[in-house]
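I open the notebook on a new model. Entries follow in the order of my look-ups.

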Amino acid sequence: MKKEYQKAWFFVLPVLLLVAFNALIPMMTVVNYSVQETFGNNLFLWEGLGWFEKILNSERFHAALGRQFLFTGLILAIEVPLGVIIALAMPRKGIWVPVCLVTMALPMLIPWNVVGAMWNIFALPDIGLLGYLMNHVLGIDYNMTQSPFAAWATIIAMDVWHWTSLVVLLAYAGLVSIPDAYYQAARIDGASSWAVFRYIQLPKMKQVLTIAILLRFMDSFNIYTEPFVLTGGGPGNSTTLLSIDLVKIALGQFDLGPAAAMSLIYFAITLFVSWLFYTLMTKDDQN
Amino acid sequence: MKKRSLIPLLYILFLMLPIYWLVAMSFKTTGEILSGFSLFPRTWTFDNYRTIFTDPTWYWGYFNSIAYVSINTVISLTVALPAAYAFSRYRFLGDKQLFFWLLTNRMAPAAVFALPFFQLYSAVGLFDTYLAVALAHTLFNVPLAVWILEGFMSGVPKELDETAYVDGYSFPRFFVKIFLPTIRSGVGVAAFFCFMFSWVELLLAKTLTAVAAKPIAATMTKTASSAGYELGLLAAAGTLTIIPGAIVIWFVRNNIAKGFALGRV
């Protein structure tokens, strides 16, 4: 049991002040904008909850939100199982372990716009490796600047390339923490490899997979730079995810009121889904 | 056993393909890139790299990025260490709520904060300085550092603290001389993550800088649009941004898996 000690507040004070400066002041600015109409020249008019109502009823927002959920759902459905499969197949000891870990972590250390630019170069129809393979070797008509399907396939592939390693590393950390005795006991009992996975490995990975899914949900829901650099939201609006739409409204059209209202709705959705998921996944632990 | 190792192998191959393409591009001449497909550079050229290393707008971009990333890592760790200790050792009023509130900042979309951050940092006169970007990045790095360090610290038995006090150590001396060395792999991992997320983030870094502190990645974006798409140069600049990341991963390679699990395995 932890000791109760109110002076511990002094330890967290620097963090509190720093994060408050960075989070509360901008958040208040956003709240302030969200209830006003602006016409430039620093002229602001009270708008009340009007923007929220308009955003929540706007088709453009619904479409962007739908695309966002589709994107996040797809990448979670691919990255989580794939990451677990790769982690299960990885060597547990020997010189290949650090080699695997380092090469797998590499994509995550590349600046996000470089990731977008890299995939852009990779997917160019006639002079990129992927585009060339698709069009001239496999004979599939592939051009992500024209076909929405190709654009979607490319951003999904890019995200799988970029972030599956996060799931792999987390699942791997869970797997290596299982003592050998568990496997020996399973072997004596004659357990099948499915049973070993279901009753030994999966429970042990549950906590780290919770972290993985949470992080992937939050980050993919907030994704901006990579798809922006890769497709610019196009063709048409087909890959305009929430953040891209938000920046378009805020900085492109300078509609601060609607952009701010949208920000708050957006943030609330992220917060709610993360909280819901976290509560559901950790419910068993508390009992 | 053979069949099993095929899966990671194929995966690594998939990871390396786009990187290979970027590196290969960086050694090609613009003429070769635009004239058609070639798997290897037909005529090797180092012109793209030469441009980057001789043009100050390019190499200063690297210096700027490394400068604000380092400042951010130092600030984040300095404030996160005592906070993580408090969360791992004590109960205090509102501790759980505070911890969750810190995490919510990791969830806020950077796009939401771009404009208010610009106004805030302009108002306090920090616009276009390293410190502005470093401070802005603490928004998501401090919560993460607290989370990781708390995980590692909770793995250290409390008896260690108590024994040290019995032996007559004061708190600061105990923290620096005994506790920090015990969790040094955790500190390394937290530093790695601060480096990583500050290095890869661009939206806020770009919003908060104009000339003096402009990150390398922003220099690239500008080149991509203004100089008629010089793919070779872009590829060379991209290749160079991979190197610092590769170096830091190598330092934490033994703790990386545990680090991603935030010390909670």
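I started at B:Val133, which I found in helix α7 (residues 130–154) of chain B. The model is predicted, so I keep to its computed values.

Is B:Val133 buried or exposed? I counted 30 other C-beta atoms within 10 Å of B:Val133. The cut-off for buried is 20 or more, so B:Val133 is buried.

Next I asked which residues B:Val133 touches, leaving out those up to four places away in sequence. I got B:Tyr68, B:Ala205, B:Leu208, B:Thr209 and B:Ala213. I also checked B:Leu39, which sits 94 residues from B:Val133 along the chain. Their C-alpha atoms are separated by 39 Å.

Then I turned to chain A. I noted 12 helices and three strands there. Its C-alpha trace spans about 75 × 70 × 30 Å along the principal axes. Chain A has 287 residues, and 43% of them count as buried. Among contacts in chain A with a separation of 6 or more, 70% join residues 24 or more positions apart.

Last came the contact between the chains. I found 77 residues from chain A and 80 residues from chain B in it. On the side of chain A that touches chain B, helix α1 (residues 9–34) of chain A gives the most, with 13 residues. That side divides into 58 nonpolar, 15 polar and four charged residues.

Strand β1 (residues 3–4) of chain A pairs with strand β1 (residues 90–91) of chain B. The sense is parallel, over two bridges. I traced A:Glu4 to its bridge partner in β1(B), B:Arg91.

Conventions:
Residues are numbered from 1 along each chain as its sequence is written. Chains are lettered from A and ligands numbered from 1 in the order in which they are written. This is a predicted model: local features need pLDDT of at least 70, side-chain atom pairs count only at pLDDT 80 or more; totals for chains, interfaces and linings use all residues. Two residues are in contact if their C-beta atoms, placed from the backbone, lie within 7 Å. Helices (H or I, at least four residues) and strands (E, at least two) are DSSP runs, numbered from the N terminus. Ala, Val, Leu, Ile, Met, Phe, Trp, Tyr, Cys and Pro count as nonpolar, Asp, Glu, Lys and Arg as charged, and the others, Gly among them, as polar. Two strands pair if DSSP finds at least two bridges between them. A residue is buried if 20 or more other C-beta atoms lie within 10 Å of its own, exposed if 12 or fewer, and partly exposed in between; C-beta atoms are placed from the backbone.
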